[in-house]
Amino acid sequence: MLKIRLSRGGTKKRPFYQIVVADSRNPRDGKFIEKLGHFNPLLPKSKPERLSLESERITHWLKMGAKPTLRVAKFLGTANLAPVPEKRNNPIKALPKKKAQERLKAAQAPKEAPAAPAAPAAPAAEAAPAAKPVPVEAPKTEEKPKEAEVPKAN
């Protein structure tokens, strides 16, 4: 199967891509049939030198049955050489993982429990004036006298 794809060149951390037609079984930077353009991601999007395409050859290879990769299809769509691919969305991947979902449920459970009994009492609370809440003190524990404690000898 023929693919229109990017072939990476350039140096480490300074990528430069050639747009090529290649057999899908060949490696990314390996043997290709024909060079159709180039892409320099380091240049700003406003510069025309960022992307160059040979439109006549691209349309020829598309008619021959070559399939563009997603990134190249976006380039071809902006140049009106092929239809723009639809925007993909995977909401399942964006969800929190299993442990994070359990933590969220545990955090929401105490908040929901006190709110449920208060809902039926809400109409009665509207009729009666609101009373000030009385602070609840913790029960006092009796402290043992220090005399009862005997130090242990080693």
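Predicted model: local features only at pLDDT ≥ 70, side-chain atom pairs only at ≥ 80, totals over all residues.
The protein chain contains 4 helices and 5 strands. Read from the N terminus, the order of these elements is β-β-β-β-α-β-α-α-α. Of the 154 residues in the protein chain, 17% are buried. The protein chain exposes about 13300 Å², with 57% of that area supplied by carbon and sulfur atoms. Among contacts between residues at least 6 apart in sequence, 28% join residues at least 24 apart.

The largest pocket holds about 150 Å³ of space. Its lining consists of Phe39, Lys45, Arg50, Leu51, Arg71, Phe75 and Thr78. Helix H2, which spans residues 70-78, gives the largest share of this lining, with 3 residues. The table gives the lining of the largest pocket by class.

| Class of lining residue | Count |
|---|---|
| Nonpolar | 3 residues |
| Polar | 1 residue |

Ser7 belongs to strand S1, which covers residues 2-11. Leaving aside residues up to four places away in sequence, Ser7 touches Phe16, Tyr17, Gln18, Val20, Arg28 and Asp29. With one of these residues, Arg28, there is also a polar contact: a polar atom of the Ser7 side chain lies 3.4 Å from the backbone oxygen of Arg28.

Notes:
Residues numbered from 1 in each chain as written. Heavy atoms only, no water. 1 Å grid on protein atoms, 1.4 Å probe; cavity = no way out; pocket = protein on both sides within 12 Å on 5 of 7 lines; lining within 4 Å. Points joined across faces, edges and corners; volume = space filled by probe spheres on them. Helix = DSSP H or I, 4+ residues; strand = E, 2+ residues; numbered from the N terminus. Nonpolar A, V, L, I, M, F, W, Y, C, P; charged D, E, K, R; others polar. Buried < 20%, exposed > 50% of the residue type's maximum accessible area, 1.4 Å probe, protein only. Contact = heavy atoms within 4.5 Å. Areas by Shrake-Rupley, 256 points an atom, 1.4 Å probe, with all protein chains shown as cover. Polar contact = N/O pair within 3.5 Å; in protein donor to acceptor, adjacent residues only side chain to side chain.
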